[in-house]
Amino acid sequence: MATNTQIDVVMPQMGVSVSEGTITKWLKQEGEPIAADESLLEISTDKVDTEVPSPGEGVVARILVQEGETVEVGTVLAVIAPEGTDVGTPTQEDMPPAPATQEAADEAMASASEGVGDVAQATEPEQPQAPAPPPGPTPQPAAPAAGAENGKTFLSPVVARIASEHGVDVSRVQGTGTGGRVTKKDLLAFVEAGASTKATPPPAAAPSAPESPPQAATPVAPQAPPQAPPRAPSAPPQAIPSPPAELAEGESVEPMNAMRKGIAEHMRRSLDTAAHVTSAIEVDMSKVVAIREKLKQEYQAAYGVNPTYLSFVARATVETLRDYPWINGEIRGDKIVTRNYVNLGFAVELADGKGLIVPVVKNTEGLNLLGMARAVTEIAARARDKKLMPDDVQGGTFTITNPGGYGTFHGTPVISQPQAAILGTYAVVKRPWVAQDELGKDVIAIRPIMNLTLTYDHRLVDGALAGRFLRDLRQRLESWGESDY
Amino acid sequence: MPEMTYLQAISDGLRGEMRRDDRVFVIGEDVGVYGGAFKVTLGFQEEFGPWRVIDSPLAETAIVGACTGAAMMGMRPVAEMQFADFVSCAWDHLVTVAAKQRFRAGTPVPIVVRLPSGGGFSGGPFHSQNPESSFAHIPGLKCVCPATPEDAKGLLISAIEDPNPVLFFEHKHLYRRIKGEVPEGRYTVPFGKARTHREGDDVSVITWGAMVYTAGEAAKQLETEDVSVEIIDLRTVIPWDREAVLASARKTSKVLVLHEDTRTGGFGAEIAATIAEEAFEDLDGPVKRLAAPDTPVPFSPVLEKAFIPQVDDVVAGLRELAAY
């Protein structure tokens, strides 16, 4: 039959899974007449190569896809026009109707029981009214007034749970859900906002706890029963969140960050756990100072590493700990654990001055002075720059803290649990020192002196043991030879 | 990694297993000389011969029956149903014999039945169905529904390796439309492990097969409305990854279960019920299902479009849940 209107020739679907086809050859050219079902072109697809017949009689008005091109199924390949018509470009209005909605199709399906022929017809009248529903969910905002009470009173399971966990009165929360319902997001936002305003009370309560430890930290009561329940007396669970003290004139508050809370918890727990005692010793650092002066240039030039006093002390400590396994040990349950390695922790202040972390150098028993200096520098830098990995702060067996940089000459640090002791190193200070001259006579000399403290858990380490440890450590530092370590 | 279509990935996995293991053979209608209705086994008969790539009569009962017997005798048959719809002819062999043999007599039945399924091309009621939920209900059968080429190959190899009957639902709409990188050589994708197709915070879509892409399009559209959608691709319906689904439900508190199969008794119902049971206190809205209506798949392109969940339907469903 001759066509009355333009007909598009589209890339046919050659099998259900085929999505595209390639034009291999046009059998007619633009302007040539063609009969219905006469072959117009050849195509090639994943499954078959075939000829495409003309869907009607007329003239090949336009060829839109050239030989060799691959196009998707349904793409218009050519236009057949009635003979003698002036041919324009294909219009978009000729495209298939807009998709019907599920509802329209459902109705059509329902009325389709008579037979397939009816289905096609049934869809036709449905289409005009079909496009209306697409903005489906929008009707909901229209109903807030009616649903308001409902929205306020209905709590979804998760909202009910979070509200009860945080003790929130949901009626005080602004709801943004259907009908003003309070959603999980609304509630979480409320809790979060409330946390920052209500966070005021807890810090106020916190100072009262830390007030006592200074006394507790002094080495007075080594006879405390080892099994004393650590936390019960000092921190009844109720105590922390209780009194919402008002801010007084001139006071300001800031939230406690996670690290601060962690430090607070650990310090309190350590004092509640270990029987802290501190012993101190003075060390003449003359030899170390001299050797360091020499090594400094060599290490800097050759390795870019500064041999700090701390690395000398650390090196000597590791060596000394070999003879004092308990000081490098821990109490685990009712057993004493010792080890053949020293994982050395170093207390490091964060760059912002608002926190402390103790990175650990593993297996320091295998490090010489250069290795120790390098490891300490490297891990301290990573600690300050917050680039530590979780593994870097675990597994310590002994800790050194070095507050001496500020000139302090003594302190009573808190043990990092579950270790047995912590070594404090202090400023190297030139002091008048009674020494012997070459004739064995007492003279007063100027010597660089460093104080060292060992704070130990008296449950495991007795005073005599600590004293011997400090003596040996001093001996190592004072007799440091040029070829040592 | 080479890029392959979903179909090529299936071919590649099957060919690799046949080269590796003499027990693996293929049987089905036109799988041999013709290379299969969709050309999954094109060139297989030339390579493996007519005794390992068997053209069967048009009798699904015979195909699955033969596979079951061969499997009991130690073979690893891979059957092809020309269309998933035709598997109903083999229901008795699958459900009565293959699914129960191991429980009844202790005999493993390691068969794979490949099922080209799904619609979207006007295939009508006999060439478009997604019958996974019917078989998901039968203890003893596993149901696999890959969405990506990589998963299709890895899951097919797992299916062949599995000592139980496995129904492998290959979505026809994905065969040549979806391309992706597929690792060379042999690898497996485990059953019962969902894949997070997209991470999001506001609403979860639990789906599988071709609907993964429909959900993906919808999620992309909702980006502009500041709705963050998480998409979990189950990959296998039996066994299904309850932990992954529940974790996502707990995270977003709002869940849309989406499938191309019809609604009533569809597998989405099982998922929705499980979420309601296990994650009730984490829900901030109703668990919604979006599925095809309860009718046979229509021929008419317009009706079929209305029948199969479309991107717009998913967008509307998600928008509604997000606003709830």
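Figure 1. Among the contacts in chain A between residues at least 6 apart in sequence, 64% join residues at least 24 apart. Here two residues are in contact if their C-beta atoms, placed from the backbone, lie within 7 Å. In chain B, residues 24 or more positions apart account for 80% of the contacts with a separation of 6 or more. This is a predicted model, in which local features need pLDDT of at least 70 and side-chain atom pairs count only at pLDDT 80 or more, while totals for chains, interfaces and linings use all residues. Residues are numbered from 1 along each chain as its sequence is written, and chains are lettered from A and ligands numbered from 1 in the order in which they are written. Buried residues make up 29% of the 485 residues of chain A, and in chain B 60% of the 324 residues count as buried. A residue is buried if 20 or more other C-beta atoms lie within 10 Å of its own, exposed if 12 or fewer, and partly exposed in between, again with C-beta atoms placed from the backbone. Chain A has 13 helices and 18 strands, and chain B has 11 helices and 14 strands. Helices (H or I, at least four residues) and strands (E, at least two) are DSSP runs, numbered from the N terminus.

**Figure 2. An open four-stranded sheet in chain A.** The strands follow the order 5-4-2-7, and their pairing is antiparallel. Strand 5 (49-53) and strand 7 (70-72) of chain A stand at the edges with a single partner strand each, so one side of each is left without a neighbour in the sheet. Neighbouring strands here are turned by 40° against each other on average, direction ignored. Take a look at strand 2 (residues 20-26) of chain A, which pairs with strand 7 of chain A in the antiparallel sense over three bridges. Two strands pair if DSSP finds at least two bridges between them. T22(A) has T70(A) in strand 7 of chain A as its bridge partner.

**Figure 3. Helix 3 against helix 4 in chain B.** The axes of helix 3 (residues 60-72) and helix 4 (residues 91-105) of chain B come within 8 Å and cross at roughly 20°. Axes are lines fitted to C-alpha atoms, for helices over the stretch in contact, and angles run from 0 to 180 degrees between N-to-C directions. Helix 3 and helix 4 of chain B are therefore roughly parallel to each other; angles under 35 degrees count as roughly parallel, over 145 as roughly antiparallel, 65 to 115 as roughly perpendicular and the rest as oblique. Helix 3 of chain B brings T61(B), V64(B), G65(B) and T68(B) to the contact, and helix 4 of chain B brings D92(B), H93(B), L94(B), V97(B) and A98(B).

**Figure 4. A70(B) and its surroundings.** A70(B) is found in helix 3 of chain B and is partly exposed, with 19 other C-beta atoms within 10 Å. Not counting residues up to four places away in sequence, A70(B) touches M75(B) and P77(B).

**Figure 5. F299(B) beside G124(B).** F299(B) sits in the loop between strand 14 (288-292) and helix 10 (301-307) of chain B. The C-alpha atoms of F299(B) and G124(B) are separated by 4.0 Å, although the two are 175 residues apart along the chain. F299(B) touches S122(B) and G124(B), leaving aside residues up to four places away in sequence. F299(B) is partly exposed, having 17 other C-beta atoms within 10 Å.

Figure 6. Most residues other than glycine have a negative phi, and most peptide bonds are trans. D37(A), in the loop between strand 3 (33-34) and strand 4 (39-45) of chain A, has a positive phi near 70°. With 11 C-beta neighbours inside 10 Å, D37(A) counts as exposed. K39(B) also has a positive phi, of about 70°, but counts as buried, with 20 C-beta neighbours inside 10 Å. The peptide bond from Q417(A) to P418(A) is cis, with omega near 5°, and the one from I238(B) to P239(B) is cis, with omega near -5°.
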